[in-house]
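Q: Could you walk me through a few local features of this one, starting with the loops and ending with the helices?

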Amino acid sequence: LNGYPLNPLCRRIRLTLPVANLQDNRDDLNRLTLALKKETKCTDINISLAIIRNLGEILRAAHFKVTVLLSEVGGKAEVIAVEPGHGHQPLYGLAVDIGTTTVVAYLLDLEKGRVIDTAGTHNRQARFGDDVISRIVYAVDETDGLKTIHQCIIDTINTLIMDLLVKQRQIKESDIRVIMTAGNTTMAHLFLGINPKFIRLEPYIPTANFFPVVKAQEVGLRVNPDALVFSYPSVASYVGGDIVSGTLFTGMGNADAPISLLIDIGTNGEMVLGSGDWLVTCSCSAGPAFEGSGITYGMRAMHGAIERLEIDPQTYEVSYTTINNGKPIGICGSGLINCLAKLRRTGIIDRAGKFQTSLSTERMRIGETGPEYVLVWRDDTDLDRDIVISEADVKNLLRAKGAVFAGIRSLLNVVGFELESIETIYVAGGFGNYLNIPDAITIGLLPDIPIEKYKYVGNTSAKGACMALLSQEAWMEANSLAGKMTYIELSVGNLFMDEFVSSLFIPHTDLTLFPNVSL
Amino acid sequence: MALTGLDIFKQLPKTNCKDCGSPTCLAFAMAMANGKASLDMCPHATEAAKENLGAATAPPVRTVKVGVGEQEIVMGDETVLFRHDKTFYHPTAIAIQIPDTLSGAELDAKIEKVNGLVMDRVGQKIAIDMVAIVNASGDAATFKAAVEAVAAKANFALLLAADVAGLEAAVPAVAAKKPLLHAATAENWEKVVALAKANNCPVVVKGNGLDDTAALVEKVAAQYKELVIDFGNTQQAKTLAEMVNARRLAIKKKFRPFGYPMLACTIATDAKEEIVEAATYVAKYASIVCMKVDEKPLLLPLMAWRMNIYTDPQKPMTVESKNVYEIGAVGPDSPVYVCTNFALTYFAVEGEVVASKIPGYIVAVDTDGASVLTAWAAGKFVAEPIAEFVKNIGIMDKVNHNTIVIPGYVAIISGKLKEKSGYEVVVGPQEAAGIPAFAKARYPHLMK
């Protein structure tokens with residue numbers, strides 16, 4: 001829990017209420033709330049009409065012994081359920097990372113404070129577009145678009161819930177009483193069925209950054225219908241709850257934290273810079289190149305993906321390793337970064353990414369879209385053609401890495417700090433698992449600072465969602481973080497664009513920024 | 001050195017309450033550092049913060065206003081020495097002199113001519129800003145009459161240039177128009193400043209060179225701060241150097257006596273040389289240039305220059321969207337490529353169209369300098385705006401076909417674009433690098 005106490009967002013309180021008689025003739029609701037106030041120190045306790053309707057019977061079913069399921073944050077409490085007796089039903093929660101591409105759910109035992117199981121699957125919204133923009137367009141432009149796309153994410157999460165429950169047979173869906181979701185701003189809007197139209201239109205305003213707590217039945221999740229559904233708060237249109245969650249997880253906003261940087265190397269390229277005092281954040285829209293998309297032979301990191309390669313500087317021959325040692329069928333993100341570094345070191349491309357077509361190797365040739373370099377000959381692949389990297393691919397990768405680095409420089413610039421001021425760089429995202437830091441520095445994707453300062457943190461969005469479920473303190477901190485993160489709009493002014501253009505070279509136009517990279 | 005956003009942030013209450021209109025305290029601090037917000041917008045600022053930040057965030061160059069209503073001119077409030085560091089905010093006001101020796105029909109004709117110094121440039125109205133009535137006669141009554149006559153008819157703010165007697169006679173009559181008084185000098189400043197103060201008008205402090213002017217401004221500023229500085233132009237090069245030094249001192253060293261707008265009167269006698277002289281002052285920090293030329297053809301380039309210098313450079317790099325770009329020896333059969341006006345996008349496309357060796361037209365849709373996917377994401381490069389843009393630019397009248405080529409990444413809009421525009425929409429390659437192959441396959445007959 002990274003220093004936060006185990007104090008889940010939802011807990012059971014077992015109460016023995018004074019029995020009603022002619023002397024103590026208070027009404028049932030008053031009897032219950034007074035006891036709760038005493039027990040919890042909460043002054044503001046909300047009980048819904050649905051629960052009150054049958055309260056009289058419930059209190060008397062076990063002679064005024066009741067178990068109250070309560071969600072309590074910052075002195076305010078919401079009664080989720082009142083049940084007769086002092087039973088020992090388990091209490092489960094669900095933390096869901098709603099990624100644009102992948103949705104991951106963690107099943108937690110809230111009383112023991114541990115993760116029981118996890119499940120992941122593709123976000124079914126993908127059939128309406130790979131990126132958030134296409135989905136906004138679909139939701140806004142098509143008849144019933146929002147309804148359809150909202151239902152898609154609900155179905156996706158319900159599938160995960162089913163998977164988890166099937167794997168954990170003793171757990172019933174009605175025992176899941178609280179859900180925490182974290183996703184980017186668009187995902188949060190679509191999950192709750194909020195119109196996302198203005199997120200993409202200048203000046204890029206989301207409908208809400210802080211979302212109401214709703215009941216599971218209101219959104220259609222297949223858990224206990226009265227379960228409370230929390231949504232991580234967002235910062236701006238393109239910096240959402242997933243990043244706030246990641247920021248919480250890294251602890252970079254903790255009171256005495258030194259200056260650090262969190263980078264999510266994904267399609268949106270969100271990053272956060274700051275310390276305990278201040279936090280600035282932006283989204284650099286790197287595009288999906290490092291996830292293999294938009295690259296001729298790009299692919300996800302799975303069986304048969306080239307993840308590492310060498311190019312002989314004399315003979316220009318290529319040797320490589322693939323995931324699971326399968327026959328190569330493409331290159332994944334880390335392979336692409338590695339490849340770019342090697343192409344440059346061997347002089348196959350120049351600093352601008354232009355292919356040196358005069359090289360005397362048959363691997364260099366002119367393909368349909370211009371110059372290309374053969375990495376694997378057809379006979380060695382599991383395809384019926386050569387695996388190549390083209391000049392257009394290289395340019396695409398340069399733009400993606402340029403956007404990330406320019407984002408970092410822009411954030412530093414707005415607060416007036418140098419790269420040297422950063423104590424730790426947290427690299428997040430599914431991609432982070434396969435990232436080779438020295439290669440990334442060689443091509444200028446990441447700043448040239450000592451490797452010890454880098455830390456892989458993986459899927460921080462899901463981890464932060466779990467933390468918030470297990471600790472009220474963490475959840476309150478997450479809300480305070482979202483309130484103090486300052487969003488920097490990169491499309492205003494020339495700063496980002498100047499930095500971006502300067503970053504379209506390997507490693508950069510300004511070589512003094514990369515003193516340890518030899519060319 | 002000005003305070004950074006973080007310096008200011010340290011003094012703020014850090015409530016992130018959004019009451020100031022900024023989403024966070026840090027965002028507000030950054031806006032303050034950029035001069036886009038002031039501390040009084042924060043209802044929770046402590047007294048200590050107000051004291052610490054008040055002086056430090058005070059603008060290096062004071063804002064001074066002349067004229068009222070539509071004739072009002074805002075001067076000063078500049079923060080940089082080079083426009084590319086941020087921007088120059090308030091364009092140099094151009095003042096045209098009218099001597100009070102003119103009278104009757106002569107004077108009327110002159111006023112009419114000066115009022116006519118209004119021109120159109122790139123769809124915007126540009127004009128002179130001030131009329132300077134000069135007490136050339138040396139007589140106070142004559143001056144007063146001329147000032148009243150000009151004030152009744154002139155469409156611009158007033159600059160009154162006279163000695164104490166002349167100013168005392170004329171100012172009360174036109175004080176409601178908030179004229180700028182010229183000038184308080186070492187000899188007369190007490191009287192002129194008292195007059196300015198009494199009539200609530202800004203006043204020019206005219207010294208002789210840097211040291212002398214600084215000393216005089218210090219004396220005047222103790223009593224009145226609605227000031228404009230005049231270094232008493234005697235040589236153009238010297239005035240240029242003085243204005244550069246004064247602005248440097250005001251911004252870099254926070255030297256208060258030079259923290260005011262500056263005025264320069266041209267001294268060149270030849271009209272063309274006068275324009276060149278004025279152009280120098282426009283580029284180098286003058287808030288007002290007072291000149292004699294009143295010929296439109298001579299003033300137009302000066303005003304265009306002023307407009308260019310004071311354009312906000314913090315805009316994305318773009319190519320002109322008004323033109324259809326012709327790449328090579330185009331003809332009625334040539335393909336029409338549609339891209340955005342983001343410079344990097346345009347030049348990527350242009351380079352590849354050249355490389356295809358097939359002449360073609362490029363239409364750069366105005367997307368405020370956003371790239372294809374960025375503009376698409378923001379709803380600026382979608383069917384309706386593209387259809388309208390292509391129609392308005394008239395490219396389809398130049399060709400004998402009905403086909404436009406759009407970037408492969410926005411293939412999704414092709415159906416709607418065809419429907420909205422009535423053109424045949426061909427989806428080109430995703431990358432500009434694919435244009436040569438695409439063009440060769442599609443237009444082999446056009447190959448040279």
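**Loops, rings and helices**

A: A:Pro203 has its place in the loop between α6 and β9 (214-215) of chain A, where helices (H or I, at least four residues) and strands (E, at least two) are DSSP runs numbered from the N terminus. This is a predicted model, in which local features need pLDDT of at least 70 and side-chain atom pairs count only at pLDDT 80 or more, while totals for chains, interfaces and linings use all residues. Residues are numbered from 1 along each chain as its sequence is written, chains are lettered from A and ligands numbered from 1 in the order in which they are written, and side-chain values use heavy atoms, with hydrogens and water left out.

Q: What kind of peptide bond joins A:Glu202 and A:Pro203?

A: That bond is cis, with omega at about 0°. In chain B, the peptide bond from B:His182 to B:Ala183 is also cis, with omega near 5°, and B:Ala183 is found in strand β8 (residues 180-184).

Q: Where does B:Asn16 lie, and is it buried or exposed?

A: B:Asn16 lies in the loop between α1 (5-9) and α2 (25-33) of chain B, and with a relative accessible area of 17% it is buried; buried means under 20% relative accessible area, exposed over 50%, and partly exposed in between (1.4 Å probe, protein chains only). Although B:Asn16 is not a glycine, its phi is positive, at about 50°.

Q: And what is phi of B:Lys18?

A: Phi of B:Lys18 is near 70°, a positive value in a residue other than glycine. B:Lys18 lies in the loop between α1 and α2 of chain B and is partly exposed, with a relative accessible area of 44%.

Q: Switching to rings, how many aromatic pairs are there over all chains?

A: The count comes to 13 aromatic pairs over all chains, where rings of Phe, Tyr and Trp (its six-membered ring) pair if their centres lie within 6.5 Å, and planes under 30 degrees apart count as stacked, over 60 as edge-to-face and the rest as tilted. One of them joins A:Trp278 and A:Phe417, which is stacked because the ring centres are 5.6 Å apart and the planes are at 5°.

Q: Which parts of chain A does that pair tie together?

A: A:Trp278 lies in the loop between β12 (270-274) and β13 (279-283) and A:Phe417 in the loop between α10 (391-415) and β20 (424-428), so the pair ties together parts that are 139 residues apart in sequence. A:Trp278 counts as buried at 6% relative accessibility, whereas A:Phe417, at 26%, counts as partly exposed.

Q: Now the helices: at what angle do α5 and α6 of chain A pack?

A: Helix α5 (residues 145-167) and helix α6 (residues 185-192) of chain A pack at an angle of about 95°, with their axes 7 Å apart; axes are lines fitted to C-alpha atoms, for helices over the stretch in contact, and angles run from 0 to 180 degrees between N-to-C directions. That makes α5(A) roughly perpendicular to α6(A), since angles under 35 degrees count as roughly parallel, over 145 as roughly antiparallel, 65 to 115 as roughly perpendicular and the rest as oblique.

Q: Which residues meet there?

A: Contact means heavy atoms within 4.5 Å, and the residues of α5(A) that meet α6(A) include A:Leu146, A:Ile149 and A:His150, while A:Leu190, A:Phe191 and A:Leu192 take part from α6(A).
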